[in-house]
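I opened this structure to learn my way around it. These are my notes, in the order I looked things up.

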Amino acid sequence: MPARQILELSAVSKTYGEGSTTVAALRAVDLVVHAGEFVAVMGPSGSGKSSLLALAGGLDTATGGEIYVRGAPLGRITVAEKARLRRRAVGYVFQDYNLIPSLNAAENVALPLELDGATPGKAHRQAKDALRQVGIEDLAGRFLDELSGGQQQRVAIARAIVGEKALILADEPTGALDSVTGEEIMAVLRRRADAGAGVVLVTHEARHAGWADRVVFLRDGRVVDQAQAENDPHSLLADVPGTAG
Ligand SMILES: Nc1ncnc2c1ncn2[C@@H]1O[C@H](COP(=O)(O)OP(=O)(O)OP(=O)(O)O)[C@@H](O)[C@H]1O
């Protein structure tokens, strides 16, 4: 039986602005991510990687085409249905973490579970487990201003993986981490995919893309040559100044 589709982008386009200031960030992008699949998205700065992730996570709306998360068309479900789907099924690691300063690390991680109706005890247990997976269980009671940038980034990753999300979307999730911790985070994402999640990672580091089953390369808002990227992501980065990792 073929693996279940977790995410599908069908002819998705995204333009920002109007008239002479229009920017076409994505142009007719098709992409399917199955359960158990870890997909890396690479490409030069401005090629549309963050836009693709934001649309897939329902944080922004497409200008054209349709996006399906676990079969639900994001452009055609209600705002409430979309909010529920995002809470239950989607874990998102933001570039700027998006954590809540008045909550401690464990509370930040537990929040999406509690919003979704989990008891505080169960949510806290799952939050502790997610913090353990990213290596900072001992910092569960710390507030954000007591954590380093890298530790905050790990809290953000824990929040995205907590509660066995079906789809994990991570936008450059290792920027504040040293290379050893970065590799550990890749191993965490790999394990989530092996356990059945669909994982999409935006990265400019070829060695991180090496953890993925498939590499999708974007250029000027279009998907170019997945097969080549799969065989040798370095080759696709070679002519892009400032992106070789
Ligand atoms: N909110 C916005 N308003 C206007 N233009 C935007 C907005 N967000 C992105 N863009 C433009 O859309 C294009 C794609 O941007 P996007 O951030 O998706 O690229 P990226 O590949 O993630 O880049 P980077 O690697 O630098 O983060 C760029 O030309 C960018 O300037």
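In which loop is the place of Tyr97? I found Tyr97 in the loop between strand S6 (90-93) and H3. I took helices (H or I, at least four residues) and strands (E, at least two) as DSSP runs, numbered from the N terminus.

Before going on, I noted what I was looking at. This is a predicted model, where local features need pLDDT of at least 70, side-chain atom pairs count only at pLDDT 80 or more, and totals for chains, interfaces and linings use all residues. Residues are numbered from 1 along each chain as its sequence is written.

Tyr97 has a phi near 70°, a positive value in a residue other than glycine. I checked its surroundings next. Tyr97 counts as partly exposed because it has 18 C-beta neighbours inside 10 Å. The cut-offs: buried means 20 or more other C-beta atoms within 10 Å of the residue's own, exposed means 12 or fewer, and partly exposed is in between, with C-beta atoms placed from the backbone.

Asp220 also went into my notes. Its phi is near 50°, positive in a residue other than glycine. Asp220 lies in the loop between strand S9 (214-219) and strand S10 (222-224). With 14 C-beta neighbours inside 10 Å, Asp220 counts as partly exposed.

**Entry: the whole protein**

I counted nine helices and 10 strands. The C-alpha trace spans about 50 × 45 × 40 Å along its principal axes. Of the 245 residues, 42% count as buried.

**Entry: helix H3**

I then followed the chain into H3, residues 105-115. Its buried residues are Ala105, Ala106, Asn108, Val109, Ala110, Pro112 and Leu113. They pack against helix H2 (79-89), helix H4 (120-133) and helix H5 (149-161). I used contact to mean C-beta atoms, placed from the backbone, within 7 Å. Just after H3, Gly117 takes a positive phi of about 100°.

**Entry: H3 against H4**

How do the axes of H3 and H4 cross, and at roughly what angle? They come within 8 Å and cross at roughly 125°. Axes are lines fitted to C-alpha atoms, for helices over the stretch in contact, and angles run from 0 to 180 degrees between N-to-C directions. H3 and H4 are therefore oblique to each other. By the cut-offs, angles under 35 degrees are roughly parallel, over 145 roughly antiparallel, 65 to 115 roughly perpendicular, and the rest oblique. I listed who makes the contact: H3 residues including Ala106, Leu113 and Glu114, and H4 residues including Pro120, His124 and Leu131.

**Entry: H3 against H5**

H3 and H5 pack at an angle of about 25°, with their axes 8 Å apart. H3 and H5 are therefore roughly parallel to each other. Ala105, Asn108, Val109 and Pro112 in H3 meet Val155, Ala158 and Arg159 in H5.

**Entry: Val12**

Is Val12 buried or exposed? Val12 counts as buried, because it has 25 C-beta neighbours inside 10 Å. I placed Val12 in strand S1, residues 5-16. Leaving out residues up to four places away in sequence, Val12 touches Leu26, Val29, Leu55, Ala62, Gly64, Gly65 and Ile67. I also looked up Phe143: Val12 and Phe143 are 131 residues apart in sequence and 39 Å apart in space, C-alpha to C-alpha.

Methods: Contact = placed C-beta atoms within 7 Å.
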